[in-house]
Amino acid sequence: MLLTSSSTTTTTKAPRCSSYSYSYSLRRQFLRRKSSGTSSGKTKNRVSATASSSDDGDDDGETRSVIKKIARKLRSGELTSVKVTEMYLERMKEKSSLNCYTSFNEERALERAEEMDRAMQRSGNEVGGRERHDSRSLLRGIPIAVKDNICTKNAHTTAGSKILRDYAPDFDADVVKYLNREGAVVLGKTNMDEFGMGSTTESSAYAPTSNPWDESRVPGGSSGGSAAAVAAQLCAASLGSDTGGSIRQPAAFCGTVGLKPSYGRVSRHGLLAYASSFDCIGPITSSVEDAAILMDVLCGSNGNRDSNDANLDAKFFNSSNNSSSSGSSSFTDAIVSKENLVDAAAPLKGKTFAVIKETFTGLDEKVSASVMESIELVESLGAKVHEVSCPTFLFGLPAYYILALSEASSNLARYDGIRFGAQDYLNMDLVDSIKSSRFEGFGAEVKRRILMGTYTLSEGYSDAYYKRAQEVRRLIYAEMTQHLQTYDGFLTPATSSLAYKKNENQEPLAMFTGDLMTVNVNLSGLPALVIRSKDSADENNTLLPSGIQIIGKKYGEAELLGVGHIIEMFSAERKLYKDAFPEASLF
Ligand code: GLN
């Protein structure tokens, strides 16, 4: 009864994009023939197509890190945390049409900022006696946004759902505890698809979020609020969660950086579960360096309360970057500035990446061209790039949706209006009250997924669906990890298309197909970083970002960040939001 007619059909609509079945090598030849040709013509909302190509992308030629820029101003006394927080709060109000936040508490944020200002004054603008170069200390007084499925003590945590409209946990998630410990100012909670189920942020019970680059489009999902808030400078950085792509896909649609850590790398304690064997928390930021700064904090290992926590110490940071130092003890150690590169002409020399042939099937032409240029850049920086075939790749989507929905149906059983969730109809008998609370509290997408997940777990069907999907998961894992014995990582598009128009993606199964690029990473528990590739103009000449995904070895986040930072430094075509919308320029 709760299923719409479209969800019962078994025919999957073709992706919205024009279909390209060229393999990577053919596309490469195609691009080579094009030689001088990149996209031309004036775009409506952007600066000219050639941004800085040889500096680090910053006005002072030093860093693209928004966190570092603010930290520097806080330390020099040019700004206070209160002032920075006020600036963001003001912008959040100016840009309320984007609907990035589900809630924020101005007073509380300002009180916290004031506390941090006092702490910095006490320690002479050094933090807690720590060394200047301790990246964690950089977070003191910096406003960070947190996705609304991550628990914040005594503050609304709704997971984008009506059923949690009144929920204010009495504890902080581990990651929030770590942010607070390092002095961050939690600015507010960001909008999301209900319980992380979606790719557009349109399934939020609190109205959709808009894409800051083009408000008629979605920011992606489910961490759409977190990505849009970073892109539009409504926070210095944010946290998202990624079950099947929810950090990476919105990062690509909004032109930000998104890192999905290896499963178990960051504590999930206090993350409202969607699918427990997939869920990860990670950073969404303006630069790769900011992602590394946040990772140094998020991977705090003492006192984690996640039973699957890898609890790794520094030796597992596993960086083999181009710095002169050997090995890394933190993620930020993997970030090497241009001057410190061992081989500035070929900083990626010695690395070999694999391009998965299957990812170029059914790919939007503009995304394909954009990613191909990034791949060419990687080659020009000295890396080798080979095409490989992963025949199991295309089975990832059905396996993911069977497993994630099965886990979701079990995880969401706790929201019955008695143990968790708002209770409707107090005077009814027990069963009717539970039914009504769930009927009223959950949105259509969540109900649909609970039904599908219950079906795939039910007796008589679980062998055919759940068990078989587990077997496929194992095959995908084996295939990907086998390639990673030969290669340093995979390079793939982050998404199959540019950001969708709002309301464009109403057919649930068509929406599922949009996750093709990301779900295999979660099925395999691997880390993946999304960074900007070349922007593309849409049919109205509005410039839209897209992203390239670098998938790394398990626990190889530091290496990913090091490589991503190099690509970012040498990328010519990255227009910053503040260049496109100068009035938006805060830092
Ligand atoms: N779009 C995917 C889904 O709806 C991924 C969501 C996520 O990573 N939370 O399941």
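User: Which residues are closest to the ligand, and how many surround it?

Analyst: Happy to start there. This is a predicted model, where local features need pLDDT of at least 70, side-chain atom pairs count only at pLDDT 80 or more, and totals for chains, interfaces and linings use all residues. Residues are numbered from 1 along each chain as its sequence is written, and side-chain values use heavy atoms, with hydrogens and water left out. The shell holds 15 residues, the closest being Thr-243, Gly-244, Ser-246, Tyr-274 and Tyr-400.

User: Which side chain has an N or O atom 2.9 Å from a nitrogen atom of the ligand?

Analyst: Polar contacts here are pairs of N or O atoms within 3.5 Å. An oxygen atom of the ligand lies 2.6 Å from an N or O atom in the side chain of Tyr-274, and an oxygen atom of the ligand is 2.9 Å from a polar backbone atom of Gly-198. For the ligand nitrogen, the side chain at 2.9 Å belongs to Asp-515.

User: What share of the ligand's exposed area does the protein bury?

Analyst: Accessible areas come from the Shrake-Rupley method with a 1.4 Å probe. Taken alone, the ligand exposes 300 Å², and the share that the protein buries is 100%.

User: Which residue meets Lys-501 in a salt bridge?

Analyst: A salt bridge is a side-chain nitrogen of Lys or Arg within 4 Å of a carboxyl oxygen of Asp or Glu, and the count comes to 20. Lys-501 sits in the loop between strand 9 (489–493) and helix 15 (508–513), while its partner, 287 residues apart, is in the loop between strand 3 (185–190) and helix 7 (224–231). At 4.0 Å, N to O, that partner is Asp-214.

Key. Near = heavy atom within 4 Å. Polar contact = N/O pair within 3.5 Å; in protein donor to acceptor, adjacent residues only side chain to side chain. Helix = DSSP H or I, 4+ residues; strand = E, 2+ residues; numbered from the N terminus.
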